[in-house]
Amino acid sequence: MTVHAPVVAGTFYPADSGALGRQVEGLLAQAPALEVPSPKAVILPHAGYRFSGAVAAAGAAVIGTGIRRAVVLGPSHRHGFKGVALPVEDALATPLGDVPLDAAARDMLLKHPDVSIVPEAFAQEHSIEVELPFLQSRLSGFTLVPLIVGDIGTEALAGILETLWGGDETLIVISTDLTHFLTAGEAEKIDLATAHKIETGNGAELSGRQACGHRPLAAFLEIVAKKGLRLTRLAMTHSGKITGDMSRVVGYGAWMAHDAEAARLSPSHRATALRVARQALESRANRGKPPAINLDSFPAPLQGIAPAFVTLTQNGRLRGCIGSLQGHQPLAQDILSNAVKAGFEDPRFKAITAPEIANTQIEIAILSAPAPMSFTDQNDLLGQLRPGQDGLILRSGRHRGTFLPKVWDNLDTPEKFFNGLKVKAGLPNDHWSDDLQVLRYIAESFAETAPS
């Protein structure tokens, strides 16, 4: 077996295996402890561990130990070429050991016209190598598909990535840093805009100015939008916060992506979200305005962009429900805003009063990105629906409507659910038209204990 030797050991991270192992384990131990399922994919930075190690560890720490194959895509920093490169060797090495390539995947990829063996692309490249010690510390007995991305279109790269997508055994890793060598103020502004694109699955118009790995990132986000994955922010920072030099910084971020059915906040973050909603109601009722919040005081998953619905019930009966279908602001802010709207602006109810709030139960639903459904007729559509799981958005002409998955509790068959949604949108229950569009989403729902 031929092995590609590490090229940044001793510079980006320690060359001594013991020192490297201790550093990586220390970074992982300091990462936020999140009780969440292993993600399908992570986005990680790839700078020297002094600068981005803590952010990379926040992303690596959520990776489950059952992964058997890691598909890692990184940009080419030093060698220009067309397409996607594989190494000539059979394994990639770090001081922690050798990681063998997935030989079957390599053979399959080399039949693709845009994939070839390009030794020069790996000769001095760090974007994949820097991720490996974190994977080696989390996983055992895994194989690797290392892809250095050159000049290739988003659609073509997304097609290659889809052939490697696999199931629960496969982890996708997108290796990228964010802005490079701007002032801290400029970098923070652009990085937040890039985070918005990532968290809403919108890779359109990403460029090297936003992220050095913009090509693999854009291709990945195309698949995210297609599959309706949910992306959750895990950490963001820049080098100036480590070095103190705010004149030329590099931005770093980490995210995890889950199939919508598996995505969820950790229990502590759920508790924080519910507390925000209740405090928003109490402040609006008692002081006439919602509380001001400092987003920096919230954990990263609540700082990320995501849409949420807030539902209020009293003795099991609806008292208000307002939400967002598309992510447009930080999740903590969206929960706060929609809690106030559910209590005071739902046109079906009078404004909630301060005495009522103590007897009101709050439920929050965080939505995945809506994914368009493809169908030939209503029977085809109904056959695709998953009772108890799917939320739907219906569009037809000027009519719009949505049902959260919890509506299945009362409309328990696909026909009842869909026809009821038509009525909610202001359409007859037997409506069908060529312009009818249906999008599907999944909601992570959690609630307070009902008042006794």
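## The pair Arg386 and Asp390

In this predicted model, the side chains of Arg386 and Asp390 meet in a salt bridge, with 2.8 Å from N to O; the term stands for a side-chain nitrogen of Lys or Arg within 4 Å of a carboxyl oxygen of Asp or Glu. Arg386 counts as partly exposed at 28% relative accessibility, whereas Asp390 counts as buried at 0%, where buried means under 20% relative accessible area, exposed means over 50%, and partly exposed lies in between (1.4 Å probe, protein chains only).

The pair also belongs to a network of salt bridges that links Glu261, Arg386, Asp390 and Arg440.

## How the model is read

Residues are numbered from 1 along each chain as its sequence is written. The model is predicted, so that local features need pLDDT of at least 70 and side-chain atom pairs count only at pLDDT 80 or more, while totals for chains, interfaces and linings use all residues, and side-chain values use heavy atoms, with hydrogens and water left out.

## Salt bridges between separate parts

A search of the whole structure finds 17 salt bridges. One of them joins Glu444 to Arg270, with the closest N and O atoms 2.9 Å apart. Because Glu444 lies in strand β19 (residues 437-447) and Arg270 in helix α10 (residues 267-287), this pair ties together parts that are 174 residues apart in sequence; helices (H or I, at least four residues) and strands (E, at least two) are DSSP runs numbered from the N terminus. Glu444 is buried at 7% relative accessibility, and Arg270 is partly exposed at 24%.

Lys406 forms a salt bridge with Glu363, and here the closest N and O atoms are 2.9 Å apart. Lys406 lies in the loop between β18 (399-403) and α15 (414-424) and Glu363 in strand β15 (residues 361-367), so the pair ties together parts that are 43 residues apart in sequence. Lys406 counts as partly exposed, at 32% relative accessibility.

## Glu131, a buried residue without a salt bridge

Glu131 is found in the loop between α4 (119-123) and α5 (132-138). Glu131 is buried yet has no salt bridge, and the nearest side chain of opposite charge, Arg138, is 13 Å away; Lys and Arg count as positive and Asp and Glu as negative, while His and the chain ends are not counted.

The side chain of Glu131 is instead joined to that of Ser175 by a polar contact of 2.9 Å, a term for a pair of N or O atoms within 3.5 Å in which, within protein, one must be able to donate a hydrogen and the other to accept it, and residues adjacent in sequence count only if both atoms are side-chain atoms. Leaving aside its neighbours within four places in sequence, Glu131 is in contact (heavy atoms within 4.5 Å) with Leu44, Pro45, His46, Val72 and Ser175.
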